[in-house]
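Here's a quick briefing on a protein with its ligands. Have a look at the sequence and the structure first, then read on.

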Amino acid sequence: MNQASLYQHANQVQRHDAKLILDEFASTLQWRSDGEDALLDVGSGSGNVLMDFVRPLLPIRGQLVGTDISSQMVGYASKHYQREERTRFQVLDIGCEQLPEELSGRFDHVTSFYCLHWVQNLKGALGNIYNLLKPEGGDVLLAFLASNPVYEVYKILKTNEKWSTYMQDVEQFISPLHHSLNPGEEFSQLLTDVGFIQHNVEIRNEVFVYEGVRTVKDNVKAICPFLERMPMDLHEEFLDDFIDVVISMNLQQGEKNEDQKFLSPYKLVVAYARKTPEFVNNVFLEPPHQNLVKGIN
Ligand SMILES: C[S@@+](CC[C@H](N)C(=O)[O-])C[C@H]1O[C@@H](n2cnc3c(N)ncnc32)[C@H](O)[C@@H]1O
Ligand SMILES: CC(C)=CCC/C(C)=C/CC/C(C)=C/C(=O)O
């Protein structure tokens with residue numbers, strides 16, 4: 001994903017989910033009494049979710065660091081938002097072996113929206129997220145895809161010889177929890193393994209409705225890693241084949257006209273975790289390992 005401006009204009013589902021989750025968890029996050037909260041966001045992309053929905057929650061004196069593996073995304077976010085006070089953007093691969101010194105152990109909060117399904121080494125990423133928090137504690141709010149029909153579409157398109165050369169490594173772009181029979185338990189176990197004492201993991205079954213073929217195509221273009229590998233003149237043909245597969249999966253509603261809709265049923269992991277034992281939703285959870293997994297897996 002390197003097309004920041006495409007993403008910024010075709011990320012309705014991502015914005016919708018982040019806003020809902022932040023509204024819900026704004027008062028659960030453990031804000032400091034001195035208003036000097038430092039928050040790092042993982043996989044901030046073009047930056048609009050971070051600036052529109054996370055930044056307003058931070059106290060005036062709070063510090064915000066947006067990070068992303070893509071220097072193109074970081075460049076775009078810096079250009080558009082770095083003028084905001086106490087806000088900066090920097091490149092960070094959350095799956096890296098060693099966190100940069102200036103980030104390690106510096107944050108009160110870590111958030112991440114629609115990023116962790118891109119990271120195959122989920123345990124390594126969670127270990128890093130844990131280590132970004134200050135030694136004395138802090139909390140994290142994470143939301144990412146466990147599964148999405150887009151991954152099944154990719155797998156089918158890979159079997160088409162027109163596209164297979166561009167999609168050899170398709171598994172690298174499928175959420176590490178997409179094939180899991182119990183993504184909530186699996187993620188919960190990873191949080192425990194890396195050291196989080198308390199956590200609340202939910203698997204939310206959602207359906208997003210895309211209005212019309214063009215909307216689906218624009219949303220696919222904004223996130224599909226295979227398009228940038230093929231010549232531009234093949235993009236529309238690839239997107240047409242994408243739509244044909246979606247239709248063959250019965251995800252279409254209505255006739256081929258302006259009323260045509262496409263349904264995307266997906267599972268979202270929503271996790272809130274604290275480094276030190278305390279309260280979750282105002283309920284004291286006895287340490288250690290009093291964890292909660294909600295939702296239908
Ligand atoms: C779908 S975008 C989400 C952007 C933003 N958080 C939002 O909600 O709109 C996913 C972002 O995760 C980034 N990403 C993928 N792998 C990553 C990694 N290993 N470390 C950090 N960022 C990563 C991508 O470059 C991309 O910008
Ligand atoms: C109907 C249908 C399958 C639409 C495609 C939906 C779509 C573009 C999903 C993208 C999911 C994803 C990997 C998002 C992201 O990382 O931001």
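By class, how many nonpolar, polar and charged residues are in the lining of the second largest pocket? The lining has no nonpolar, five polar and seven charged residues, where Ala, Val, Leu, Ile, Met, Phe, Trp, Tyr, Cys and Pro count as nonpolar, Asp, Glu, Lys and Arg as charged, and the others, Gly among them, as polar.

This is a predicted model, in which local features need pLDDT of at least 70, side-chain atom pairs count only at pLDDT 80 or more, and totals for chains, interfaces and linings use all residues. Residues are numbered from 1 along each chain as its sequence is written, chains are lettered from A and ligands numbered from 1 in the order in which they are written, and side-chain values use heavy atoms, with hydrogens and water left out.

**The second largest pocket**
- Its space comes to about 230 Å³, a volume being the space filled by probe spheres set on grid points joined across faces, edges and corners.
- A pocket here is an open set of points on a 1 Å grid over the protein atoms alone, where a 1.4 Å probe fits, with protein on both sides within 12 Å along at least five of seven lines.
- The lining counts 12 residues, each with an atom within 4 Å of a point.
- Gln30, Asp108, Glu136, Gly137 and Gly138 lie nearest the pocket's centre.

**Ligand 1**
- The shell around ligand 1 holds 18 residues, each with a heavy atom within 4 Å of the ligand.
- Tyr7, Gly43, Asp68, Asp93 and Phe113 are the closest.
- By class, the shell splits into 12 nonpolar, four polar and two charged residues.
- Polar contacts (pairs of N or O atoms within 3.5 Å) include one at 2.6 Å between an oxygen atom of ligand 1 and the side chain of Asp68.
- On the backbone side, a polar atom of Gly43 sits 2.7 Å from a nitrogen atom of the ligand, and an N or O atom of Ile69 lies 3.2 Å from a nitrogen atom of ligand 1.
- The protein buries 95% of the 600 Å² that ligand 1 exposes when taken alone (Shrake-Rupley method, 1.4 Å probe).

**Ligand 2**
- There are 16 residues around ligand 2, and Gln14, His117, Trp118, Leu145 and Tyr210 come nearest.
- Polar side-chain atoms of Gln14 and His117 each lie 2.7 Å from an oxygen atom of the ligand.
- For the side chain of Trp118, an N or O atom is 2.9 Å from an oxygen atom of ligand 2.
- On its own ligand 2 has 490 Å² of accessible area, and the protein covers 98% of that.
- This shell has 12 nonpolar, four polar and no charged residues.

Definitions and conventions: A polar contact is a pair of N or O atoms within 3.5 Å; within protein, one must be able to donate a hydrogen and the other to accept it, and residues adjacent in sequence count only if both atoms are side-chain atoms.
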